[in-house]
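Subject: Handing over the structure

Hi,

Here is the structure I promised to pass on to you. Please have a look, and then read on for what turned up in it.

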Amino acid sequence: MTEQLRRVTRALLSVSDKTGLIDFARALAEHGVELVSTGGTAKAIAAAGLKVKDVSELTGFPEMMDGRVKTLHPKVHGGLLAIRDNKEHASAMASHGIAPIDLLVVNLYPFEATVDKGAGFEECIENIDIGGPAMIRAAAKNHDDVAVVVDPEDYGLITKSLETFNGATPLDVRRHLAAKAYARTATYDAAISNWFAAQLEDPRTPRNPPDFRAFGGRLIQSLRYGENPHQTAAFYATPQKRPGVATARQLQGKELSYNNINDTDAAYECVGEFDPKRTAACVIVKHANPCGVAEGPDLATAYRSALACDSTSAYGGIIAVNRTLDAEAARAIIGIFTEVIIAPDATDEAIAIIAGRRNLRLLLAGGLPDPRAVGLTAKTVAGGLLVQSRDNAVVEDMDIKVATRRAPTEAELRDLKFAFRVAKHVKSNTIIYAKDLATVGVGAGQMSRVDSARIAARKALDAAAELKLAEPLTKGSVVASDAFFPFADGMLACIEAGATAVIQPGGSMRDDEVIKAADEHGIAMVFTGVRHFRH
């Protein structure tokens, strides 16, 4: 073990995030470590009364070109890259006056934060760090001799090592930090490359995708397991600050599981389709599919209408609302077992009510995801990544065309748009029955669209029996289909269930056959020209 220890005699510190810097620098100085630093970092250390050498004293060159050139020098990189036990390296260091650097502390220019605040192109470019990643990679490569820290959270790991090993660091710590360092530069470069690719995109014309695509994230949470207990999993945050489960503050409840996170994301993306200024809305999700969605004058009313669609599936589900969670809604929701509630915010009274259910997780996201926002989604396949732009098509923006002799009534059109909003968030093949701005039947993820129509109708029959209704709410409902009906049979199954109007993309070779069947049954049908497949 002792031969793997490396004493820290000199440290180079250059940080944009100065959290914990002074305490850490003081701890290094107490262990006799010489401090070398750059620019604002050096000023901060000196202002705290600590002795620090400016990097220009080390290199013999001043910082120049607005700070673009300060650490790109052999006396920096030689000090980081020299293998201490290599005689040739030691000779080169002696010949050229290169002093070893045993600890590198760098966090990078805040590129991601600069993009996130909406800065212009030139400001973003200026916040691309060059010297920092170069030093980090050099130190990480030479981790046999050099420790590298890229995160203030690891300052304690270094100080503990110095205390435990009499001013030295052990190899296992250096390897751990090196792995983290490479991951940090990888995520940093991924953020830059994706931002740059977006700058080159012309929304008016098709473009070729970039030859290389990278994604990176920072650990939010190590999860107990994945979809199943034999799978490992973790949750990472990407640079994109889209309101949702990744940005939410958890007020109470057990740690979120992999499936909780996946389902909560599905619920919150769906409820984001409903403008809170226009209406209150509630989405109930089970296994990543909405099993009940409704609008209402208030959240409690919307929740009860959503629950009525399929109260059996809602048990143990995820609930998302589009407004500040209030006490009335909170009381309604805790009536059955629920895994997670996610909302933009919550009143103190609602928080107190939810607190009575210790295992119920309450997440406050601080805002709603914008359904029109651009962005990328990715999924893995064997040996590859499938990357696409987010489905940001919104029904209000679509050119809806009446395809049948009968046009939908105003009430039908209102429900048709509602149903199509929901269909966008249900796994394909999708059939949504809706009535009075609430789902009354959801058919999801079937290989046949006819099966989706029949399953949704069957669920409506079950709901009617539970609610002691004379007939299912699909009678007099409208229907949304996420893709076109390839034959008339799927639509006829919806008509048999009681639907009076249909919204679908259109575009089938048999559209004429489907339109004819609709006309024969006096059904109104509109085409959106937009498909919402969700696999």
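Let me begin with Tyr155, which counts as buried because its relative accessibility is 6% (buried means under 20% relative accessible area, exposed over 50%, partly exposed in between, using a 1.4 Å probe and protein chains only). Before going further, a word on the source: this is a predicted model, in which local features need pLDDT of at least 70 and side-chain atom pairs count only at pLDDT 80 or more, while totals for chains, interfaces and linings use all residues. Residues are numbered from 1 along each chain as its sequence is written, and side-chain values use heavy atoms, leaving out hydrogens and water.

**Aromatic rings**

Rings of Phe, Tyr and Trp (its six-membered ring) pair if their centres lie within 6.5 Å; planes under 30 degrees apart count as stacked, over 60 as edge-to-face and the rest as tilted. The count comes to 8 aromatic pairs by this rule. In one of them, Phe24 and Tyr155 are stacked, because their ring centres are 4.2 Å apart and their planes at 0°. Phe24 sits in helix α1 (residues 21–30) and Tyr155 in helix α9 (residues 155–164), so the pair links parts of the chain 131 residues apart (helices are DSSP runs of H or I with at least four residues, strands runs of E with at least two, numbered from the N terminus). Phe24 is buried too, at a relative accessible area of 3%.

Trp195 and Phe196 make an edge-to-face pair, with centres 5.5 Å apart and planes at 65°. Trp195 is buried at 10%, whereas Phe196 is partly exposed at 33%.

**A sheet and its helices**

An open sheet of 6 strands runs in the order β18-β23-β22-β21-β19-β20, with mixed pairing (two strands pair if DSSP finds at least two bridges between them). β18 (401–402) and β20 (439–443) stand at the edges; each has a single partner strand, so one side of each lacks a neighbour in the sheet. Strand β19 (residues 431–434) is joined to β20 by 4 bridges, and the two run antiparallel. Tyr433 has Gly441 in β20 as its bridge partner.

**One more residue**

Thr338 lies in strand β14 (residues 338–343) and is buried, with a relative accessible area of 4%. Leaving aside residues up to four places away in sequence, Thr338 touches Gly316, Gly317, Ile319, Ile333 and Leu360 (contact means heavy atoms within 4.5 Å).

Best wishes
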